[in-house]
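Dear colleague,

I am passing on to you the structure we spoke of, with its sequence, and below it you will find notes on what was found. Please read them with the model open beside you.

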Amino acid sequence: MKKKDEYVGKSNIIAIILLPSLVSLILFYYNQILGTIGIILTVVLYFYLKSINKQRLDDLQAYVDDMNVSFDIITKNVVFEMPFPIVIVEDDRTIKWHNTYFRDLFDNKSIVGSELESFLPDFKEVDFKSDGLKLPKNITIKDKILQFYYQTVTNKETGKSQTLLYGIDNTYDESIKQLFKDKRLVFYSVFIDNYEDIRNATESVDRPAVLGEIDRVINEYFKKHNCLIRKYENDRFMVISEYQDYRDVHESKFSILDEVRNIDKGNSLPPTLSIGVGIAGSNPTEIYSDSREAVDIALSRGGDQAVVKLEDNYEYFGGKTKAIEKTSKVRSRVISQALKRMIQSSPDIYIMGHNNPDMDSFGSSLGIYEGTFDMGKDVYIVLNEVTRPIENMYDRVTSELDELKGNILTESEALAKISPQSLIIVTDNHRKNSTEAPALLEKTDNIFIIDHHRRGKDYIENATISYIEPYASSASELVTEILSYLDEDFKARTAVAESLLAGITVDTKNFVYQTGVRTFEAASILKRWGADSVYIKRMFKDDFEIVKYKSEVIADSFIVNDFIAIAHFKRDIDGSTLIASQAADDLLNIKGVLASFVLTISNNKIHISGRSLGDISVQLILERIGGGGHLTAAATQLDMTLENAEDMLRKAINEYLREEEENESNTNR
């Protein structure tokens with residue numbers, strides 16, 4: 001820096017004496033005496049200016065040196081006297097120096113030489129050299145929330161580095177944020193699932209006590225949590241609370257579900273609630289709308305549960321009991337007429353079940369096809385592949401129904417024909433990505449869903465009508481009821497009636513599981529239409545290879561948690577999921593087994609079939625890893641190795657059982 005200043009000074013001097021030098025030379029040419037005097041004066045002027053310039057540079061350097069000393073003193077004083085904690089950390093993450101404010105945060109006064117993580121564990125995973133200056137970390141120490149920043153400086157010559165960390169007290173700002181969060185509104189939509197059924201099934205003398213007890217339990221529970229409750233219909237309540245009080249409700253895992261279910265005042269049916277909670281909206285209208293959406297999901301999943309609408313997901317509580325069968329068929333009749341109107345107003349209809357279809361999926365699709373075809377409409381079934389579970393059924397109906405084979409399309413063929421005015425009917429499924437042709441759902445907004453599975457994630461949001469009834473044994477049962485109301489003189493062809501009866505039979509495991517009065521009524525309708533039970537028994541016959549494979553799965557099984565059977569079928573073959581599901585059913589025949597899971601490989605993915613006798617909800621277990629279904633039958637698909645899938649399944653089982661134990665202990669207190 002000094003050399004540069006001197007060079008600039010010399011340049012200035014030369015520029016100044018250039019003119020006197022030229023004048024002196026000219027004078028010397030004409031008059032040597034005057035020229036010599038001019039040259040001497042020019043030289044004197046040069047040395048004089050050089051002397052002045054040197055003095056100026058010396059004064060400047062002295063000023064700079066003085067400022068450096070002053071700045072060092074100021075910097076040191078500022079660092080030492082800064083009113084917030086500061087600490088310097090060396091390469092080996094030991095504390096080299098700290099100020100008084102940092103020391104006062106901790107009871108331990110011996111800090112220098114200690115590991116940084118012993119005082120600020122949040123920085124354990126931070127690589128100061130590679131991370132450099134990053135976003136601050138909020139760290140709670142005693143009653144303070146400190147926002148720590150850090151900056152690393154590396155000596156290029158030695159390669160050693162030191163990191164300066166300093167914390168700013170952010171307690172007030174964080175307390176304001178927390179207060180804002182705590183005071184947010186939370187809306188609860190509370191519905192009594194079976195109000196009319198309880199009212200009708202309870203003796204008139206006991207009815208006021210039962211209904212009054214339900215109201216009392218609901219009011220006392222929510223008042224205990226500082227909520228505002230308003231009853232606006234006999235079976236509906238609107239509840240509002242602050243978020244800080246909702247946390248207590250959440251912590252109790254909505255124990256009101258159990259309290260209401262345990263009401264016994266002479267009622268023959270246990271009352272159940274469906275609760276929808278909205279917490280993520282930006283204004284009261286959105287929060288209320290979220291709560292209504294959440295309660296609709298709770299109802300469509302069978303009731304007796306709470307659903308919380310988060311920003312981009314849902315949280316479920318309850319749902320551990322079997323959905324109660326509805327005695328009234330009013331909704332079924334209304335749905336049937338609504339479907340009839342939609343069919344009549346649509347130019348063409350596309351019917352599809354879920355991918356990798358089973359007898360219920362294909363059988364219910366055939367039932368809707370039959371009702372639509374009877375109206376003289378252009379109707380198509382979307383089916384990409386004839387899988388082993390439906391092979392016998394497919395061969396039968398395509399050979400007996402002359403026009404059917406020409407009306408079965410693949411996804412690509414359906415996409416080429418469909419129009420925005422077309423109607424899509426989805427059976428035995430309500431999840432978009434599980435349908436036979438997900439892309440088809442983007443082509444029209446006229447979508448009708450008929451399903452008996454509890455509503456889960458990835459549901460088809462733009463459906464015009466969703467007829468989801470988890471109490472039903474199967475989609476074939478629901479379709480049979482709908483067909484019976486389409487027209488008084490309607491009668492399905494025998495092959496279709498037998499396909500529907502086969503769908504009911506396979507999902508109820510020969511009328512054992514998830515079977516109610518309406519299931520047998522649907523079966524009786526199908527028998528009147530000509531369904532032959534003997535032929536259906538023939539339809540269920542397995543190949544010799546399948547019987548061997550099922551035996552192989554059972555031989556490979558083992559017991560976990562004393563009462564849950566897990567097995568593998570490691571062959572990726574056609575029909576592997578059918579073998580897995582049937583083997584899971586067979587494992588329930590083992591004494592002491594309450595639930596079973598069979599993992600298999602299907603289309604390079606891991607498929608898990610879960611079955612139970614009702615004491616354990618396989619649905620709640622498999623929902624934790626992206627699946628769904630019923631209390632006694634559920635499934636999921638995972639894109640991972642068989643070993644990782646089993647690890648996830650075991651973890652989900654353990655979490656479920658641990659929550660069950662906690663709920664049991666809370667109930668017994």
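Asparagine 603 sits in the loop that runs between strand E20 (595-602) and strand E21 (605-612), and, although it is not a glycine, it has a positive phi of about 55°. Please keep in mind, here and in what follows, that this is a predicted model. With a relative accessibility of 63%, asparagine 603 counts as exposed, because the cut-off for that class is over 50%.

Phenylalanine 254 is another residue that has a positive phi of about 55° without being a glycine, and it is found in the loop between helix H8 (243-251) and helix H9 (256-261). Is phenylalanine 254 buried or exposed? At 1% relative accessibility phenylalanine 254 counts as buried, since buried means under 20%.

The unreviewed UniProt entry places a feature called "binding site" at His354, Asp358 and Asp428. These residues are spread over 75 residues of sequence, yet they cluster in space, with a largest C-alpha distance of 9.6 Å. Of these residues, His354 is included in the lining of the largest cavity.

Histidine 354 itself lies in the loop between strand E12 (348-352) and H12, and with a relative accessible area of 15% it is buried. Which residues does histidine 354 contact, once its neighbours within four places in sequence are left aside? They are Ser361, Thr427, Asp428, Asn429, Ser434, Thr435 and Glu436; Asp428 in this list is also one of the residues that the UniProt entry names for the binding site, while Ser361 and Glu436 also belong to the lining of the largest cavity.

As for the cavity, the structure holds one of 30 Å³ or more, and about 60 Å³ of space lies in the largest cavity. Its lining is made up of Met352, Gly353, His354, Pro357, Ser361, Phe362, Ser365, Ile381, Val382, Leu383 and Glu436. The elements that give two or more residues to this lining are helix H12 (359-373) and strand E13 (378-382), and the largest share, three residues, comes from H12. Sorted by class, the lining has six nonpolar, four polar and one charged residues.

The charged pairs deserve a separate look. Side chains of opposite charge can pair when their charged atoms come close.

Glutamate 242 belongs to strand E8 (residues 236-242), whereas lysine 183 belongs to the loop between helix H5 (171-182) and strand E6 (185-192), so the pair ties together parts that are 59 residues apart in sequence. Both ends count as partly exposed, glutamate 242 at 25% relative accessibility and lysine 183 at 43%.

Arginine 571 and glutamate 552 also meet through their side chains in a salt bridge, at 3.1 Å from N to O. Here arginine 571 lies in the loop between strand E19 (564-569) and helix H20 (576-587), and glutamate 552 lies in helix H19 (residues 544-556), so this pair ties together parts that are 19 residues apart in sequence. Arginine 571 counts as partly exposed at 36% relative accessibility, and glutamate 552, with a relative accessible area of 33%, is partly exposed as well. Elsewhere, salt bridges that share partners join Glu213, Arg216 and Glu220 into one network.

Arginine 216 is partly exposed at 35% relative accessibility, whereas glutamate 213 is buried, with a relative accessible area of 16%.

Finally, there is one more annotation to look up in the model. UniProt, again in an unreviewed entry, lists residues 33-49 as "transmembrane region". In the model, the span of residues 33-49 is 100% helix and 0% strand, and its end C-alpha atoms lie 25 Å apart.

With kind regards

Terms used
Residues are numbered from 1 along each chain as its sequence is written. This is a predicted model: local features need pLDDT of at least 70, side-chain atom pairs count only at pLDDT 80 or more; totals for chains, interfaces and linings use all residues. Side-chain values use heavy atoms; hydrogens and water are left out. Helices (H or I, at least four residues) and strands (E, at least two) are DSSP runs, numbered from the N terminus. Buried means under 20% relative accessible area, exposed over 50%, partly exposed in between (1.4 Å probe, protein chains only). A salt bridge is a side-chain nitrogen of Lys or Arg within 4 Å of a carboxyl oxygen of Asp or Glu. UniProt positions are given in the numbering used here, feature names are shortened, and annotations may be inferred rather than shown by experiment. On a 1 Å grid over the protein atoms alone, a cavity is a set of points where a 1.4 Å probe fits but cannot get out, and a pocket is an open set with protein on both sides within 12 Å along at least five of seven lines; lining residues have an atom within 4 Å of a point. Grid points are joined across faces, edges and corners, and a volume is the space filled by probe spheres set on the points. Ala, Val, Leu, Ile, Met, Phe, Trp, Tyr, Cys and Pro count as nonpolar, Asp, Glu, Lys and Arg as charged, and the others, Gly among them, as polar. Contact means heavy atoms within 4.5 Å.
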